[in-house]
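Reader: Please take me through the terms applied to this structure, and set each value against its definition.

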Amino acid sequence: MSSTTTFDVGITTLTNVDAISSIAYDIRDMADHLQRNEFLDARRIYEDGKHSKQYDIYGNEEDNLLSLQRMAKGWKGGTFDQFNEDPSFMFQMLGMADRGDSAVDAIDKYGSYADSYITELLNDYSSGTLGAQASTILIVSMYASHQLWDGLRDCFAVYNGYNAEADQTGKINPKQSFDNFIALYVGAGQTLGPDWDGDMLYELAQSGGDNFDMTDGEGEAIVNSDIRELYQSIQRTLSEEDYCKRDESIEKLWLLSSQIVSKMYIPLVQMLIHSMKQEDEAHKVKVYAWALIPQLSQCRPSVHSKLKDYLLDKKYDKRDFPRILELLQQSYDCLGFSCEELGTYKEQTNDVVAECAGYEEGHPMAGFIPRKDVRTLSKVDLDILAVDQLLKFPSTNQNELAQLYFKYGKAAEIDDDAFGFQLMSLHDMTQPTDEQQWSPYYNDYVEYFGREKNDDSAIMKAFND
């Protein structure tokens with residue numbers, strides 16, 4: 001067995017991911033069976049698996065195959081242990097919850113949403129191949145994101161003193177986790193142009209890029225080339241000496257992982273708009289909405305609530321499209337991409353949906369018109385919201401991911417030339433600059449904390465509680 005895996009799209013991994021990438025063949029075969037109305041055969045593949053082998057820590061093949069249903073249930077009998085402290089899963093649960101539900105209530109109610117929905121489709125003989133497509137959109141996308149966060153948490157564990165070499169179980173293996181992500185994103189069997197045939201997230205992004213004229217000269221979706229470059233940046237970081245033992249490495253992996261997750265939202269928005277505009281695709285609106293709208297629980301609550309009402313709590317009504325589009329466009333910035341990155345739908349056709357305009361430098365903020373563009377800095381409140389959301393879940397690891405939001409930030413981008421770094425974090429705000437020392441409040445801080453800087457130890461203690 002080779003120690004690495006090579007995909008035709010220009011990616012060679014650091015570890016072997018042949019087995020997990022083969023889950024793409026399960027989706028392919030499910031679609032083939034569903035196309036022939038062989039629903040029982042499709043259900044068997046979904047529940048029991050067919051192509052994706054599993055191995056123990058010694059490299060011995062296990063009796064059970066990896067299946068899409070096991071991925072949907074977190075592999076551990078539906079307890080979702082695998083998704084503990086996974087921001088994507090946490091935002092998904094809170095975004096589906098009813099008003100008044102606790103985080104635990106949300107998991108109890110909606111933790112099996114993907115499996116329940118796909119099982120329903122696989123028992124509905126009028127659903128066509130939607131069960132296979134929904135497996136990619138709902139299960140593979142969530143599990144791929146989980147692998148990114150898992151790799152980051154593995155590195156964070158090493159940074160905090162965990163000795164991965166002394167532990168022969170392979171429990172902590174950041175290279176494997178990040179490689180598992182790209183294996184699930186691309187999938188075995190993905191081909192190059194002009195066909196770009198595949199069954200996983202790479203192929204989904206190709207469809208979105210085609211519909212929104214967001215492909216390069218070779219026909220590859222811009223999202224796919226961007227994610228490949230970001231993943232290869234992760235590879236370079238993981239190839240450095242002591243890569244998980246330096247603060248700058250953790251910060252870089254955090255930034256790269258966050259950027260990849262943001263890129264993954266783009267095809268979901270593109271295909272949601274496509275399914276709402278095309279009557280013969282309207283049956284897919286619910287699938288794309290389920291994958292995307294709950295993630296807006298990390299964004300403006302009013303926008304999330306309205307879109308949840310339009311797309312999750314009731315059946316889509318095409319008369320609502322203009323308002324839904326407006327609300328979606330208000331969410332792009334929070335999700336981490338621009339109007340320009342999404343593109344224009346069906347340009348020069350009767351179905352065209354124009355690219356949104358984005359924000360101008362003097363865009364009003366709560367009625368105030370700034371003299372300079374400070375909107376990106378103002379988004380630090382989204383990091384506060386994200387931390388607040390993540391802290392609603394029980395933690396056995398000192399709320400690690402919430403700590404990373406606090407320490408490195410995600411939403412507030414800063415001009416590199418002016419400040420020397422890309423993101424302004426809540427932690428950065430506790431570190432004084434020369435300008436801050438002229439503040440009338442600075443001396444009060446120094447007198448209270450007894451040191452020449454603001455003190456965030458109380459905040460870090462609260463994360464550890």
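Author: Helices (H or I, at least four residues) and strands (E, at least two) are DSSP runs, numbered from the N terminus. This is a predicted model, in which local features need pLDDT of at least 70 and side-chain atom pairs count only at pLDDT 80 or more, while totals for chains, interfaces and linings use all residues. Residues are numbered from 1 along each chain as its sequence is written, and side-chain values use heavy atoms, with hydrogens and water left out.

Reader: What makes the contact between D41 and R44 a salt bridge?

Author: A salt bridge requires a side-chain nitrogen of Lys or Arg within 4 Å of a carboxyl oxygen of Asp or Glu. The N to O distance for D41 and R44 is 3.7 Å, and their side chains therefore meet the rule. By this rule the count comes to 21 salt bridges.

Reader: Why are D41 and R44 said to be about one helical turn apart?

Author: Both lie in helix α3 (residues 39-48), and they are 3 residues apart. An α-helix has 3.6 residues a turn, so residues three or four places apart point the same way.

Reader: Why is D41 called partly exposed?

Author: Buried means under 20% relative accessible area, exposed over 50%, and partly exposed in between (1.4 Å probe, protein chains only). D41 has 29%, so the residue is partly exposed. R44, at 46%, is also partly exposed.

Reader: Which class does K308 fall into, buried or exposed?

Author: K308 has a relative accessible area of 10% and is therefore buried. K308 forms a salt bridge with D313, the closest N and O atoms being 3.1 Å apart. Salt bridges that share partners also join R28, D29 and K50 into one network.

Reader: How do you know that α12 is largely enclosed by the rest of the structure?

Author: Of its 31 residues, 24 are buried, so α12 is largely enclosed. Helix α12 (residues 247-277) reaches 46 Å from its first C-alpha to its last, close to the 45 Å expected at 1.5 Å a residue; the expected span is 1.5 Å times one less than the number of residues.
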